[in-house]
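Let's take a walk through a protein together. Have the sequence and the 3D view ready, and we'll go step by step.

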Amino acid sequence: MKIAVIGGGPAGLYFSLLMKQRHPKDEIVVHERNPANATYGWGVVFSDIALAFLKEADEAFFKKFTAHHTRCDYMEIVHQGVPVRLSNNHFSRTSRIDMLRVLQQACEDAGVDVRYQSHVTDPAQLPDADVIVAADGVNSEVRTRMAAQFMPSFDERRNKFAWYGTSQRFHPVSLIFRETPHGVFMAHAYQYSPEHSTFLVEVDPDTWARCGLDTASEAQSRAFCEQIFADDLGGHPLLTNRSHWFQARVVSNARWSHGNVVLLGDALRSVHFSLGSGTRMAMQDAIALFEALCANRADVPAAFAEFEQRRRTASDRFQDAARRSLDWYESVDTRMHLDPVSFAYDYMMRTGRVSHEALRERDPAFIARVEANDAAPLHGHAA
């Protein structure tokens, strides 16, 4: 089988690795538009649940994948300058570039032909391929070109974001909320290496404009955010790497495949980073597509149908949770009056997927504080 993969991110590389390991005689070519060591952003975070599927799929690769991860078993919500600890929330973090290097090396070792600076935007450029996997990201050019077939929809969200790094080490995954005279600023921070942390700043568009960030340069924005979060950064600077302001875009597609072309990862469906599940979903997609193609080697349309059948429900469920999470962040100004414990509890309940009793089982000390604080009724929370 001749398989062409457009996009050398986690979804495309992991799918290629699995296929080449199972079917070494297959011709698998990955077309990546960027140079080998080009990557943007800082760290990537996985929950233990998110890593379990990798271990099950390929334990040898899982050990390589997680060998240099930074781990922590709790998170913190910082509100009104007070950190509230939430225990038994297990996270594993790594730099995005290291994650891609591990995947790239594994693909090379398996015999996958990864071609860097190979910019493919049209499946017609790959006439000999039996299967074309479009894994070219949230702004997929293949999906755009074939919009009539895939019927994508886009939910453009209102808040503004900028990705930074910092040498301040945030050992727990930390969500920081700072009220200013201009409005509320938020930071999503976590250590991903011995030296660095990701520091993602979020702000609503009105506050963003009032602060002059709509006309600020990258350097000016960085300096402004350093001032807002000075107490949290402890004298450490923010670091930039194409740290321009952007808005979240939730992508979904009515159809997942057409002919011999199938969407994968963020090209197929984006999951907002407030859930920390985008890379997890992309790699789970890769496993499902791999298994479906292995089970239907002679019938590509049947393989694509099985892939969609396996993943559609989980995809819709995660996107629903992502929208609820986004709604919470976009209306956080209405919650800033809450005390730190009540605020943290409200955050944990934001998607409607976690019950009061489930939180009690996970972190009884926190729920004891909630109940002592009369922050929530004792019963009746929907799961």
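This is a predicted model: local features need pLDDT of at least 70, side-chain atom pairs count only at pLDDT 80 or more; totals for chains, interfaces and linings use all residues.

The chain splits into domain 1, made of residues 2–69 + 95–156 + 249–329, and domain 2, which covers 338–375. Where the domains touch, domain 1 brings nine residues to the contact and domain 2 brings seven.

Now for the interface itself. The size of an interface is often given as the accessible area lost when the parts come together. Here, domain 1 and domain 2 bury about 730 Å² between them, and 57% of that comes from carbon and sulfur atoms. On the domain 1 side, look for A321, R324 and W328: they supply 62% of the area that domain 1 buries against domain 2, more than any other three residues.

What kinds of contacts cross this interface? You'll find zero salt bridges between domain 1 and domain 2, but there are two residue pairs in polar contact. As for the face of domain 1 that touches domain 2, its residues sort into five nonpolar, two polar and two charged.

Last stop: the rings. The count of aromatic pairs comes to 16. One of them joins F46 and F65, which sit edge-to-face, 5.6 Å from centre to centre with 75 degrees between their planes. F46 belongs to strand β3 (residues 43–47) and F65 to helix α3 (residues 59–65), so this pair ties together parts that are 19 residues apart in sequence.

Notes: Residues are numbered from 1 along each chain as its sequence is written. Side-chain values use heavy atoms; hydrogens and water are left out. Domain bounds come from an automatic or database domain assignment. Contact means heavy atoms within 4.5 Å. Buried area is the accessible area (1.4 Å probe) that two parts lose on being put together, summed over both. A salt bridge is a side-chain nitrogen of Lys or Arg within 4 Å of a carboxyl oxygen of Asp or Glu. A polar contact is a pair of N or O atoms within 3.5 Å; within protein, one must be able to donate a hydrogen and the other to accept it, and residues adjacent in sequence count only if both atoms are side-chain atoms. Ala, Val, Leu, Ile, Met, Phe, Trp, Tyr, Cys and Pro count as nonpolar, Asp, Glu, Lys and Arg as charged, and the others, Gly among them, as polar. Rings of Phe, Tyr and Trp (its six-membered ring) pair if their centres lie within 6.5 Å; planes under 30 degrees apart count as stacked, over 60 as edge-to-face and the rest as tilted. Helices (H or I, at least four residues) and strands (E, at least two) are DSSP runs, numbered from the N terminus.
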